[in-house]
Amino acid sequence: MTKLISIRDCSKHVDEEVQMHVWLTDKRSSGKIVFLQLRDGTAFFQGIVRKNDVTDEVFEAAKSLHQEASFYITGTVHQDDRSHFGYEIQISDLKVVTNNEGYPIGNKEHGIEFLLDHRHLWLRSRRPFAIMRIRNTIFKATVDFFENEGFVKFDAPIFMHSAPEGTTELFHTEYFGGDAYLSQSGQLYGEVGAEAFGKIFTFGPTFRAEESKTRRHLTEFWMMEPEMAWMHQDESLDIQERFLSYVVKQVLENCDYELELLGRDKEKLRPAAEGNYTRLSYDDAVKMLQEDGRDFKWGDDFGAPDEAFISEKFDRPFFIVNYPTAIKPFYMKKNPDNPKEYLCADVLAPEGYGEIMGGSERESDYDTLKEQIKEAGLKEENYDWYLDLRKYGSVPHSGFGMGFERVIAWICKLDHVREAIPFPRMINRVKP
């Protein structure tokens, strides 16, 4: 019996007759030969139909196929060193399932807005296919890393009653007569988990109620946020470096085909897999900008152009450590050597991509945190439960968050972070 296989498994079946379920991405014919560009969700490759090798019905069926037709094929796999994939199939039989005309995404150039508006169909194309496969590898690498490090996956709620970072950029809803907001971060709840289990990580959707008008921002995105009890900031930075280098290494080892489809220069990623990330102080980063003649003073927050400029100086991710307290959230621990700074750090990606992770040591003292909540202009009653963590069994603890789509955008070298999400819902649409 002929075996049913996926395109991805072709290397195991060279010179064997196999069956496949496929869709058509493109077609061309040359007299008595029809060349079919095929996909099945695992990879793309070419199928060849020769008139002299098939029945007239099969040959005519191949010639009449339209883009995104679905069909069954039977044929023999051959090695093909000319293609990215390395294999093709000589088709001996073909049975059509559907074959409709008018598929809106052709081989002509389409603008990004058109393609995102048709994301439900564009996902079938090579570029988004490669990005989503890499996304899946990064997801698996993330879970594997933290499970291997002894972390517990901890789920934070999607609805929250206050803002973890004290901003007003929240999606509001009425919740059984009270106010509720879509999650801005799982961090505060992650700290609950850390004091129960030692080391946890949350991983899920988060929201920002701001118009997404830049190439780096989304209103709905995924965050991965570990929290670690009994841990100071320097130890947290060590974990962040090991984690990020592990993720990049897994992509390089498992996504060679997808990186080739994207035209991504793998040599640009190799330093990130090696580790040895520089820890640059906020003060030194400010000097770099000032020496370049930029109008930037101590206490300012870095904008995207500032981050891009600094990140161009490095061939791998790096840390900027110890930001001024005025530009960071209330829950961070102040630097004992300089109370104007928090013990915190952002990770910036190279090649101009800017911030992809951020974290800090958390303030663990009850009275100090209570005062910082007050200084931030927040209502203490909204954080009673959070203060309880400092009242009962408080310990030094640290954590960080990773913007999942930003990491994908850097690794895949995307022009717009919206390409990194499976489906850009209306919430992520950019207004002209």
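Aromatic pairs in a predicted model

Modeller: In this predicted model, ring pairs join Phe145, Phe146, Phe151, Phe201, Phe243, Tyr246 and Phe400 into a cluster, and the structure holds 29 aromatic pairs.

Biologist: What makes the pair of phenylalanine 203 and phenylalanine 404 edge-to-face?

Modeller: The ring centres of phenylalanine 203 and phenylalanine 404 lie 5.1 Å apart, which is within the 6.5 Å needed for a pair, and their planes stand at 85 degrees, which is over 60, so the pair is edge-to-face. This pair links distant parts of the chain, since phenylalanine 203 belongs to strand E11 (residues 199-207) and phenylalanine 404 to helix H13 (residues 404-412), 201 residues apart. Both phenylalanine 203 and phenylalanine 404 are buried.

Biologist: Why is the pair of phenylalanine 314 and phenylalanine 318 called stacked?

Modeller: With 4.0 Å from centre to centre, phenylalanine 314 and phenylalanine 318 are within the 6.5 Å limit, and the 20 degrees between their planes is under 30, so the pair counts as stacked.

Biologist: How do you know whether phenylalanine 314 is buried or exposed?

Modeller: Its relative accessible area is 19%, and because buried means under 20%, phenylalanine 314 is buried. Phenylalanine 318, at 0% relative accessibility, is under that cut-off too, and therefore counts as buried.

Biologist: What makes you say that arginine 294 lies over the face of phenylalanine 309?

Modeller: Arginine 294 is 4.4 Å from the ring centre of phenylalanine 309, and the distance part of the criterion asks for CZ of Arg within 6 Å of that centre. Arginine 279 likewise lies over the face of phenylalanine 319, at 5.6 Å from the ring centre.

Methods:
Residues are numbered from 1 along each chain as its sequence is written. This is a predicted model: local features need pLDDT of at least 70, side-chain atom pairs count only at pLDDT 80 or more; totals for chains, interfaces and linings use all residues. Side-chain values use heavy atoms; hydrogens and water are left out. Rings of Phe, Tyr and Trp (its six-membered ring) pair if their centres lie within 6.5 Å; planes under 30 degrees apart count as stacked, over 60 as edge-to-face and the rest as tilted. Helices (H or I, at least four residues) and strands (E, at least two) are DSSP runs, numbered from the N terminus. Buried means under 20% relative accessible area, exposed over 50%, partly exposed in between (1.4 Å probe, protein chains only). A charge sits over a ring if NZ of Lys or CZ of Arg is within 6 Å of the ring centre and within 35 degrees of the ring normal.
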